[in-house]
Amino acid sequence: MDSSTTRRTLVRPMLEFEPQESLEARVAALPKIHLHCHLEGTLRESTFLELTARDGLPTRYRPGAPADVLDRSPREPGQVYAFADFPEFLLLFAAVSRALSRPEDYARLAEEFATDALRRGVVYGELFLSPSVWRFFHPELDLRSCMEAIYEVFARVERSHGVAFRTIVDLTRNFGASSALESARFAASTTELGTIGIGLGGDELRFPPELFVDAFAFARAEGLHTVAHAGEAAGAQSVRAAVEHLRAERIGHGIRAVDDPALLTLLREREIALEICPTSNLRTGVVSAPEAHPLPALLAAGLRIVIDDDDPALFGAHIDEEYLAFARQVGEPGLRACIATAIEASFAPPSLKRSLEERLRSTE
Ligand SMILES: [Zn+2]
């Protein structure tokens with residue numbers, strides 16, 4: 001018996017009896033990147049209940065409802081974050097935003113988000129904020145103080161854990177073009193507080209991308225990055241308009257792009273990443289069933305895909321759970337490729353991208 005045979009016989013039984021690390025454990029160890037997550041949508045249900053009780057607010061928002069109407073909104077834990085369809089979801093998101101009425105509420109939101117995110121293995125994040133919604137409910141609110149409160153928490157997390165969180169100001173389509181321009185100005189005035197870009201969420205059907213060309217041009221001229229939700233509730237045309245008219249660098253959702261082969265080519269050529277949030281699409285009803293989700297077709301079309309959780313507290317699925325579901329679909333190498341895409345498609349500076357890539361490689 002030569003020495004290599006001896007080595008094999010010694011090593012092989014050990015390998016055979018070594019327990020295979022589960023996919024769950026391997027995914028849990030992977031670094032996670034937020035590129036499509038709304039900070040307000042991470043508010044814990046228990047905190048939402050506490051804040052609404054403090055301020056005597058219903059847990060539902062009904063536009064135009066008189067203030068003295070009897071509050072019958074749900075307060076049972078586990079039943080508060082419920083909705084039937086996309087319009088109802090937008091109203092719930094509004095109710096959650098209304099509950100955040102003071103700078104210290106935003107500090108708490110950021111603190112709880114960061115605690116949960118670190119526990120789930122998030123190593124970098126670009127978070128949406130919707131200050132025009134905050135102001136809609138609380139006209140007296142000092143938006144800058146709220147941004148400062150969030151920034152203080154994120155700066156502390158970065159110092160103590162080496163995890164950077166940046167913010168993207170969502171212009172909120174429902175308030176129209178001039179409000180969007182005002183929000184873009186606010187974004188440009190808060191870059192020292194971690195703002196790196198603008199986004200465009202809200203009612204895509206009634207407020208198409210073309211309305212917001214000026215706000216996007218302004219933001220770009222100010223050196224801000226630009227992203228837009230498109231092709232979620234509306235069709236492929238909305239994605240095309242977000243790319244051609246708004247010159248968005250990434251598209252939120254974009255799933256309806258699957259209906260337009262020429263658009264798929266355009267997205268591939270311009271290397272525009274789609275931020276796919278599978279559970280969100282199911283819960284809002286824009287996709288009818290898991291097997292109907294266009295994700296496999298978008299991957300097969302060779303698009304850059306990143307996976308995220310959108311409004312995790314409201315949808316009941318967080319980024320680690322989305323990653324695990326995706327890994328079960330495409331395997332661990334597919335998930336790793338997706339994380340690498342997220343690092344590359346992020347707006348992190350090159351040095352941070354390299355260290356995130358190193359972190360991903362270290363888990364192989
Ligand atoms: Zn979103």
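1. Contacts along the chain. In this predicted model, contacts between residues at least 6 apart in sequence were considered for the protein chain, and 74% of them join residues at least 24 apart.

2. Overall dimensions. The protein chain has 364 residues and a radius of gyration of 22 Å; a compact globule with that number of residues would have a value near 21 Å, so the two agree. The C-alpha trace spans about 90 × 45 × 40 Å along its principal axes. Both descriptions should be kept in view: the radius of gyration agrees with the globule value, while the spans along the principal axes are about 90, 45 and 40 Å.

3. The protein chain contains 16 helices and eight strands. Of its 364 residues, 46% count as buried.

4. Strand β2. This strand covers residues 122-129, and eight of its eight residues are buried, so β2 is largely enclosed by the rest of the structure. For the chain as a whole, the buried share is 46%.

5. Neighbours of β2. Strand β1, residues 32-38, runs parallel to β2 and is joined to it by five bridges.

6. Thr 172. This residue is not a glycine, yet its phi is positive, about 60 degrees. Most residues other than glycine have a negative phi. Thr 172 sits in the loop between β3 (164-170) and α8 (176-188). Is Thr 172 buried or exposed? There are 22 other C-beta atoms within 10 Å of Thr 172, and the cut-off for buried is 20 or more, so Thr 172 is buried.

7. Arg 247. A positive phi also occurs at Arg 247, near 55 degrees, again in a residue other than glycine. Its place is the loop between α10 (236-244) and β6 (250-253). Arg 247 has 15 other C-beta atoms within 10 Å; residues count as exposed at 12 or fewer and as buried at 20 or more, so Arg 247 is partly exposed.

8. Places to inspect. For the backbone, look at Thr 172, with phi of about 60 degrees, and Arg 247, with phi near 55 degrees.

Conventions. Residues are numbered from 1 along each chain as its sequence is written. This is a predicted model: local features need pLDDT of at least 70, side-chain atom pairs count only at pLDDT 80 or more; totals for chains, interfaces and linings use all residues. Helices (H or I, at least four residues) and strands (E, at least two) are DSSP runs, numbered from the N terminus. The radius of gyration is taken over C-alpha atoms; the globule rule is 2.2 Å times the number of residues to the power 0.38. Two residues are in contact if their C-beta atoms, placed from the backbone, lie within 7 Å. Two strands pair if DSSP finds at least two bridges between them.
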